[in-house]
Amino acid sequence: MTDPLIRPRRKDPLRKTREPLLPQGVRSRTGHGLTAAAAEGRFALQVCADCGFTLYPPRDVCPRCLSARLPFQDVPPEGVLLAETTIRTSTDVYFRERTPWRIGTVVLDCGPSFVAHLHGDVIEGTRVRMTLRLDKSGMAVAIAMPERSTAHQEDDVQLRELTCDPKFRRVLITDGRNATGQAMARAMAAAGASIIFIGIADPWKPFPGEATLRDVPNAEIVSLDLTDTQSVADVAGEIAHRIDILVNTTEHPRAGGIMHRHGLTIAHEEMDIRYFGLLRLAQHFGPTMRARGADGVNAAAAFVNLLSVHALINWPLYGAFSAAEAACLSAAQALRAELRDGGVKVLNMFAGPLDTEWFQSVPPPKLSPATLATATVDALRKGIEDCYVGDIAQDIKGRLDVQPKALERELGA
Amino acid sequence: MKRRGYDGVVLCAPVSVPYRRYSVNSAHWWIGRALHALTQRTGMKPNELDGLSVSSFTLAPDTAIGLTQHLGLSPRWLDHIPLGGASAGVALRRAARAVQSGDADFVACVGADTNHVDSFRKTLSSFSRFAQDAVYPYGSGGPNASFALITRHYMNRTGATREDFGRICVAQRANAQRYDGALMQKTLTMDDYLGARAISDPIHLFDCVMPCAGAEAFLVCREEDARTLGLPFVRVLSAIERHNAFQDDPIQYRGGWAQDRNDLWDMAGIQPDAVDFLQTYDDYPVIIMMQIEDLGFCAKGEAPAFVRAHTLTTDGDFPHNTSGGQLSVGQAGAGGGYLGLVEAIRQLTDESGPTTVPNARIGLVSGFGMINYDRGLASCAVVLARA
């Protein structure tokens, strides 16, 4: 059984903040097949397309038949922990300050032996379930988990290095006026976040759901307008050092394509709210979060973007909106690289149309804000970095993987 | 096809350049010191060495070819053997065939490495592609952690205890006290061994070798040339090597010796009981036990009982790692792969001084190396005989 996490005490302002260190972040190009799987929370290994042999570590040639056709595919993650060790000295600075650290040899049911991190509750000689996770350097590693979940298993110290669990963390939700922001606040409270700062532009203006939002446990309303650089700077100056998870819930979905809109007013607004809003958050909160990537139990952990899945491929009915979302996705990739030095993850949640007034004329299925919020918490608990929520997003992702050109034509039909 | 023997080929001029814990010198310098000692020893001029075989981890960005210009040598036969603990046996096999066929007359075989203050960490993090992808990110425990897993599994499977491993380490330290070149000569008791701090359970401090700088070398030539130079020599009765054996074993429980030992003994024309001393590659005691079993000195899984039944010291029964092995002398990188072979040549040419095994006529030298991912890939063994 894992010792439950203890709520961190207030930080002693005189103590030096521990600098974030990273485990080795170098992988072979083929090895990034594991990174791709871990980013989405899947367990995938290479399986030879010619002889069916499942192999690990990643290779460019099948050690059974010398085939070069070695695609990564999802494989059963179960196995047996054959041998374990507790590392007490390490040559690496990251692990040196995290010893003792357990690893073990897991013989997978699908064949290969996998030297993996061990969850504290796994026992030598018993069955385990492997998961691929992203470590602080953003690279895939496997951790062997107990076959059946155990009490407080998410609090395990080695597992928590790989996740962004909101428990005892402090969250900033950038916009609480919309349904998504309000659902996110409730989901974070339910996940055990210790403080939930909720940004509201012009808080003196009433808005639907305000009373219930103010009742969310540990919620604190802050005046925040992402279109106003000074407002973002002011809020960051006040609370950036206390933000462990930032969720950008600010949205601006407007129908319409490229050619038939008159002028650029709406496009300017879209870019100002979404793209420049993201840049303002990144510039004013990013550096502080990056510096706090190893700051104890409530270290800075994640910067969350809620993106339309049409950031990946344009939906002409919402053509200009899709383009603004694509700009946000591109910026998020840059931000991901910049925050990696601090071990802080960028989580992109890709969603189809939400069940809100701005997608009123779009037929179902549509995603409820509550589902998006729950999925965000789940993704943070898994520490993944790309999550496709709901039927539409998964459909688009699946079709993109198979035939992007067909998808482009079909979305434009 | 029946293997051809190594008739007419001999080994001579064993050279050990005194080790240092850390060195400010380069691998080139250490290799140079070894070759200098070799020429002093043999009375040869450097350009009379027409063959060179080099093993070193810290020579980068150079390889053997760059070294020829650095050293001013002009060999007509050149080899670079990056096989760690199997380097010397493999170098011997290749050099012996070159000499036997006349492709070269005098092959200098050298294993050497430097050890800068930060060398070890750098070597580990970029040791192999699999290490980069699948070992170093998992705790960065280095070989200690990899061998901890192998040791743990071996203990679970055979019932070996820490005391069993300790017997090996304590005996080797006793041997090292007779060998001037050993970096660690302080008496090691079983209590010291058992009370040492844990490094990566069940590996504790005295299971680990100490990385250091050093160089080892010997000369391979034809018997008549050794006689002309007036050099004492030893004969090669047989030699095997094998890489990536038993790849379907889920964790390493045996090495390539188990696959090739019949070849080894058949070619030598003797059985294990004819061996007067054994030099194993001792980068972790569990691998010594595997060598004892897989080479045929006892049945599989019975090495713990075997080490309980023998003293393992130079003056007792079953002398083993007679100069103290890497566990007491230190691990000079690829030089560690040469330690046992060079010491064996000294034993069989009456040059081993205080570590001498009385009346030794046959020595077995075994090599093991290269944890690429989860197990050592290279293995070799050589049977040597007094001339």
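Predicted model: local features only at pLDDT ≥ 70, side-chain atom pairs only at ≥ 80, totals over all residues.
**Entry 1. Domains of chain B**

I looked up the domain centres of chain B first: over C-alpha atoms, those of domain 1 and domain 2 lie 23 Å apart. Residues are numbered from 1 along each chain as its sequence is written, and chains are lettered from A and ligands numbered from 1 in the order in which they are written.

Domain 1 of chain B covers 9–118 + 213–231, and domain 2 covers 128–209 + 234–386. These bounds come from an automatic or database domain assignment. I then checked the contact between the two: 32 residues of domain 1 of chain B meet 34 residues of domain 2 of chain B, a contact being two C-beta atoms, placed from the backbone, within 7 Å. On the domain 1 side, the elements that give two or more residues are β1 (9–20), α3 (87–101), β4 (107–113) and β7 (213–222) of chain B. β1(B) gives the most, with eight residues. That side of domain 1 of chain B divides into 18 nonpolar, ten polar and four charged residues. For these classes, Ala, Val, Leu, Ile, Met, Phe, Trp, Tyr, Cys and Pro count as nonpolar, Asp, Glu, Lys and Arg as charged, and the others, Gly among them, as polar.

**Entry 2. Chain B as a whole**

I counted 14 helices and eleven strands in chain B. Helices (H or I, at least four residues) and strands (E, at least two) are DSSP runs, numbered from the N terminus. Along its principal axes the C-alpha trace of chain B spans about 55 × 45 × 45 Å. Of the 387 residues in chain B, 58% are buried, meaning that 20 or more other C-beta atoms, placed from the backbone, lie within 10 Å of the residue's own. Among contacts in chain B with a separation of 6 or more, 78% are between residues 24 or more positions apart.

**Entry 3. Contact between the chains**

I found 30 residues of chain B and 32 residues of chain A in the contact. On the chain B side, α4 (119–125), α5 (129–134), α6 (142–158) and β5 (198–200) give two or more residues. α6(B) has the largest share, six residues. The chain B side is made up of 16 nonpolar, eight polar and six charged residues.

I followed α6(B) further. α6(B) has 17 residues and reaches 25 Å from its first C-alpha to its last, close to the 24 Å expected; the expected span is 1.5 Å times one less than the number of residues. Because 13 of its 17 residues are buried, α6(B) is largely enclosed by the rest of the structure. Just after α6(B), B:Gly159 has a positive phi of about 80 degrees.

**Entry 4. Chain A**

I noted domain 1 (32–160) and domain 2 (170–411) in chain A. Their centres, over C-alpha atoms, are 31 Å apart. Nine residues of domain 1 of chain A are in contact with nine residues of domain 2 of chain A. The domain 1 side has two nonpolar, three polar and four charged residues.

I also looked at an open antiparallel sheet of three strands in chain A, in the order β2-β1-β3. Pairing requires at least two bridges found by DSSP.

Notes
Buried ≥ 20, exposed ≤ 12 C-beta atoms within 10 Å, placed from the backbone.
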